[in-house]
Amino acid sequence: MVKKHIISTVSLLAIISIILVVYIPKETKSEQNIGNPTVFVHGYKGTYNSFGNMLNRFEYRYGWGNKVLIYRVSPQGRINVTNLSKGKTEPAFVQVIFENNRASFLDTSMWLASVLSHMKETYHIDMVNLVGHSMGGLVALKSIQEYQDKKQYPRVAKLITIGSPFDGIYSKPYFQIHRDAAATDLKPNSAALQTIHENKHMIPKGLDILNIGSTGDLVAMPESVQSLRSIVRKGQMRKKMIEDNMLGHSELHENTQVDKLIHSFLQSQDATQ
């Protein structure tokens with residue numbers, strides 16, 4: 001009887017173990033494959049389309065990687081994430097969309113930091129690259145400056161800014177049309193821009209930066225774009241001013257030359273170093 005009882009107990013334990021192995025939820029394959037993604041941040045008044053077309057080209061035309069996550073951030077800072085990975089592997093791209101696309105630098109950089117924190121906690125991501133168009137580049141840099149706790153946020157290895165006016169938007173008529181919080185921050189000598197310049201010592205030494213602009217950009221003028229050089233350390237930034245008077249501000253993220261510049265820069269070094 002004792003022997004039969006032992007056999008029955010062992011059998012029962014074996015069955016329970018099998019059930020646990022089969023039915024206990026595990027980290028999904030998609031979460032395991034996200035790796036060290038590149039996060040794309042739109043600019044002032046940006047939408048899904050700001051980087052949507054570029055990421056489609058990256059994935060389907062060039063085969064450079066896969067869009068795996070879309071983060072939508074509510075005006076109250078609540079995060080909604082759509083996981084598109086479905087087992088896809090690296091390189092991985094993440095698109096961030098702010099529903100309040102006219103919010104201040106302060107709010108938007110905080111929301112971006114919340115997204116990065118969620119990525120670290122949920123997907124165990126320890127390192128990312130950031131790509132920002134226009135105000136997105138400013139917000140990305142501000143977020144890097146102010147949110148560096150390695151326990152809470154991934155380390156940013158590379159930053160790419162595209163048509164980002166680090167000295168502000170010079171056009172006075174622009175601000176006769178745009179009068180919201182973001183527009184205030186985009187004015188030359190605004191308190192928000194001054195803060196970014198004053199906090200230049202908070203930019204990590206290991207951050208590698210590519211600064212892209214266009215001679216045809218009448219919103220982020222070349223001089224304003226290139227003023228990033230006064231914020232970062234010597235040798236920390238590579239710059240590319242595209243000589244094309246027909247390449248305007250909103251056309252930058254639809255341009256194949258910009259595509260190639262981004263891809264080449266992301267591939268230029270091992271981001272895990």
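Keep in mind that the model is predicted. Good places to start are helix α5, where 11 of its 12 residues are buried, and helices α3 and α10, whose axes cross at roughly 70°.

**The β2–β3 hairpin**
- Strand β2 (residues 66–73) and strand β3 (residues 79–83) run antiparallel and are joined by 5 bridges.
- Look for Val73, which stands opposite Ile79 in β3.
- Between the two strands of this hairpin lie 5 residues, and Gly77 takes a positive phi near 90°.

**Helix α5**
- Helix α5 covers residues 135–146, and its 12 residues reach 17 Å from the first C-alpha to the last, close to the 16 Å expected at 1.5 Å a residue.
- This helix is mostly covered, and its buried residues include Met135, Leu138, Leu141 and Ile144, along with Lys142 and Gln145.
- Several elements pack against the buried residues of α5: the strands β1 (38–41), β5 (127–133) and β6 (155–162), and the helices α4 (105–123), α7 (181–185) and α8 (191–198).

**Where α3 meets α10**
- Two packed helices are described by the angle between their axes and the distance between the axes.
- Here the axes of α3 (residues 48–61) and α10 (residues 256–267) come within 11 Å and cross at roughly 70°, so α3 is roughly perpendicular to α10.
- The crossing of α3 past α10 is right-handed.
- On the α3 side, Met54, Arg57, Phe58 and Arg61 take part in the meeting, while α10 brings Thr256, Val258, Asp259 and Ile262.

Terms used
Residues numbered from 1 in each chain as written. Predicted model: local features only at pLDDT ≥ 70, side-chain atom pairs only at ≥ 80, totals over all residues. Heavy atoms only, no water. Pairing = 2+ DSSP bridges. Helix = DSSP H or I, 4+ residues; strand = E, 2+ residues; numbered from the N terminus. Expected span 1.5 Å × (residues − 1). Buried < 20%, exposed > 50% of the residue type's maximum accessible area, 1.4 Å probe, protein only. Contact = heavy atoms within 4.5 Å. Axes fitted to C-alpha atoms, helices over the stretch in contact; angles between N-to-C directions. Parallel < 35°, antiparallel > 145°, perpendicular 65-115°, else oblique. Left-handed = near helix turned anticlockwise from the far one by under 90°.
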